[in-house]
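Hi,

Here is the model I promised to pass on. Have a look at it first, and then read on for my notes.

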Amino acid sequence: MKCPACHHNGTKVLDSRPVEEGKSIRRRRECESCSYRFTTFEKVEEMPLIVVKKEGIREEFSREKVLRGLIRACEKRPVSLKQLEDIVMEVEKELRNIGISEVKSDMVGEMVMERLSKIDEVAYVRFASVYRQFKDINVFLDELKEIIEKERK
């Protein structure tokens with residue numbers, strides 16, 4: 001590893017520790033020539049996960065995009081950012097474990113809604129109303145009736 005300060009080609013590792021739930025390794029290094037200390041990260045290269053939108057457009061899965069949608073749905077609700085980040089992480093993990101490189105956006109949305117419904121029903125209805133593009137109040141009421149039925153079981 002080249003030193004970013006003097007470009008010497010020899011460094012020694014002072015400390016290594018796992019980060020991102022063991023998906024990466026953070027290393028503190030020191031240049032053998034100038035003693036400059038710096039940090040590097042080693043990460044497993046993952047295959048891109050492609051989401052196929054309703055219109056047929058393909059784009060790479062974006063944790064940030066899913067999280068933004070969840071944050072909007074949970075505005076002024078008692079849901080922590082950690083809970084939302086966990087939902088995104090669980091969904092991505094499950095999608096990658098399926099082992100396919102392309103997934104339909106419907107599947108992603110349903111997986112997110114399934115988890116969100118267990119955390120906050122109001123946020124779930126907000127997310128579902130945008131995701132499912134409710135056309136009128138009757139569709140909205142049907143969704144609410146479904147939630148009430150699930151609670152009774």
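Predicted model: local features only at pLDDT ≥ 70, side-chain atom pairs only at ≥ 80, totals over all residues.

Let me begin with the hairpin. Strands β1 (residues 11-19) and β2 (residues 24-31) run antiparallel, and 8 bridges hold them together. If you want a pair to orient yourself by, T11 has C31 in β2 as its bridge partner. The two strands form a hairpin with 4 residues between them. One to look at in that turn is E20, which has a positive phi of about 55 degrees.

Then there is an open sheet of 3 strands, ordered β5-β4-β6, with mixed pairing. Its edge strands are β5 (58-60) and β6, each of which pairs on one side only. On average, neighbouring strands here are turned by 35 degrees against each other, ignoring direction. The β4 and β5 pairing is antiparallel, over 3 bridges, and V52 has R58 in β5 as its bridge partner.

On to the helices, starting with α3. This helix covers residues 105-119, so 15 residues by the DSSP runs. From first C-alpha to last it reaches 22 Å, close to the 21 Å expected at 1.5 Å a residue. Which of its residues are buried? They are S105, V108, G109, M111, V112, M113, R115 and L116. And what do these buried residues pack against? Two of the partners are strands, β4 (50-52) and β6 (102-104); the helices α1 (63-73), α2 (81-98) and α4 are partners too.

Helix α4 (residues 121-131) is where you will find A123. This alanine counts as buried because its relative accessibility is 0%, and the cut-off is under 20%. Leaving aside neighbours within four places in sequence, A123 is in contact with A73, C74 and L116.

In helix α2, have a look at E92. Is its side of the story buried or exposed? At 5% relative accessibility, E92 counts as buried. Its side chain is joined to that of R63 by a polar contact of 2.4 Å. Leaving aside neighbours within four places in sequence, E92 is in contact with E46 and F61 as well as R63.

Last, the cysteines. How many disulfides does a search of the whole structure find? The count is 0. C3 is in no disulfide, and the nearest cysteine sulfur, that of C34, is 3.8 Å away. C6 is in no disulfide either: its nearest cysteine sulfur belongs to C31 and is 3.6 Å away. C31 is also the bridge partner of T11 mentioned above. As for accessibility, C3 is buried, with a relative accessible area of 1%, whereas C6 is partly exposed at 34%.

That is my tour; over to you.

Best wishes

Key. Residues numbered from 1 in each chain as written. Heavy atoms only, no water. Buried < 20%, exposed > 50% of the residue type's maximum accessible area, 1.4 Å probe, protein only. Contact = heavy atoms within 4.5 Å. Expected span 1.5 Å × (residues − 1). Pairing = 2+ DSSP bridges. Axes fitted to C-alpha atoms, helices over the stretch in contact; angles between N-to-C directions. Disulfide = S-S within 2.5 Å. Polar contact = N/O pair within 3.5 Å; in protein donor to acceptor, adjacent residues only side chain to side chain.
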